[in-house]
Amino acid sequence: MKYAYVLRVGGFNASLGEYRFYDIEVFTSEKKLRAAVANRIKVNKGYEVDYELTKKEDYKNEWSQLVNYKCLSSDGREMKIRYELLKKVAH
């Protein structure tokens, strides 16, 4: 079975009180997905990083994970970023 590894990128919208996703990337391996996430957090000088396994479907070997962290925007304001990592069966 082949899998696709998906990264959804979002930011916290204070006026709505929720995370809004605005970008998506697809990777061919979990290693590449995790390296991209680690690099993004490093480049953004992220702190208070929280990894949370949200769902695992053993019968398909699929999973999803949320990664939340804080960083500073270019004008010095604190931002909350969320990544959703997904492993899905490629059809």
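## Contacts of Asn68

In this report, two residues are in contact if heavy atoms of theirs lie within 4.5 Å. The model described here is a predicted one. Leaving aside residues up to four places away in sequence, Asn68 touches Tyr19, Glu48, Val49, Asp50, Glu52, Ile81 and Arg82.

Asn68 belongs to strand S4. Its relative accessible area is 11%, so Asn68 counts as buried, the limit for this class being under 20%. With Arg82, the contact is also polar: the two side chains approach to 2.7 Å.

## Overall architecture

Of the 91 residues in the protein chain, 33% are buried.

Contacts can also be viewed by separation along the sequence. Among those between residues at least 6 apart, 45% connect residues at least 24 apart.

## The sheet

The five strands form an open sheet in the order S2-S1-S5-S4-S3, and the pairing is antiparallel. At its edges lie strand S2 (18–27) and strand S3 (47–57), each of which pairs on one side only. On average, neighbouring strands of the sheet are turned by 20 degrees against each other, direction ignored.

Strand S4 (residues 62–72) and strand S5 (residues 78–89) run antiparallel and are joined by 10 bridges. Within this pairing, Tyr69 has Ile81 of S5 as its bridge partner. Strand S1 (residues 3–13) is likewise antiparallel to S5, with nine bridges between them, and Arg8 stands opposite Glu84 in S5.

## The hairpin of S1 and S2

S1 is also joined to S2 by nine bridges, and these two strands run antiparallel. In this pairing, Gly10 has Phe21 of S2 as its bridge partner. The two strands form a hairpin with four residues between them, and Gly17 in the turn has a positive phi of about 70 degrees.

## Aromatic rings and charges

A pair of aromatic rings is described by the distance of the centres and the angle of the planes. Two aromatic pairs are counted, with ring centres within 6.5 Å as the criterion. One of them is formed by Phe12 and Tyr19, whose ring centres are 5.2 Å apart and whose planes stand at 70 degrees. This pair is classed as edge-to-face because the angle is over 60 degrees. Phe12 has a relative accessibility of 34% and therefore counts as partly exposed.

Charged side chains are also placed over rings. The charged end of Arg8 sits over the ring of Phe21, at 4.0 Å from the ring centre. In another such arrangement, the charged end of Lys87 sits over the ring of Tyr3, at 4.3 Å from the ring centre.

## The helix and Val43

Where in the chain is Val43 found? Val43 is part of helix H1, which comprises residues 30–43. Is Val43 buried or exposed? With a relative accessibility of 59%, Val43 counts as exposed, because the limit for that class is over 50%.

Val43 can also be located relative to Cys71. The two residues are 28 residues apart in sequence, and their C-alpha atoms are 9.9 Å apart in space.

Notes: Residues numbered from 1 in each chain as written. Predicted model: local features only at pLDDT ≥ 70, side-chain atom pairs only at ≥ 80, totals over all residues. Heavy atoms only, no water. Phe/Tyr/Trp six-rings, centres within 6.5 Å; stacked < 30°, edge-to-face > 60°. Buried < 20%, exposed > 50% of the residue type's maximum accessible area, 1.4 Å probe, protein only. Lys NZ or Arg CZ within 6 Å of the ring centre and 35° of its normal. Pairing = 2+ DSSP bridges. Axes fitted to C-alpha atoms, helices over the stretch in contact; angles between N-to-C directions. Polar contact = N/O pair within 3.5 Å; in protein donor to acceptor, adjacent residues only side chain to side chain.
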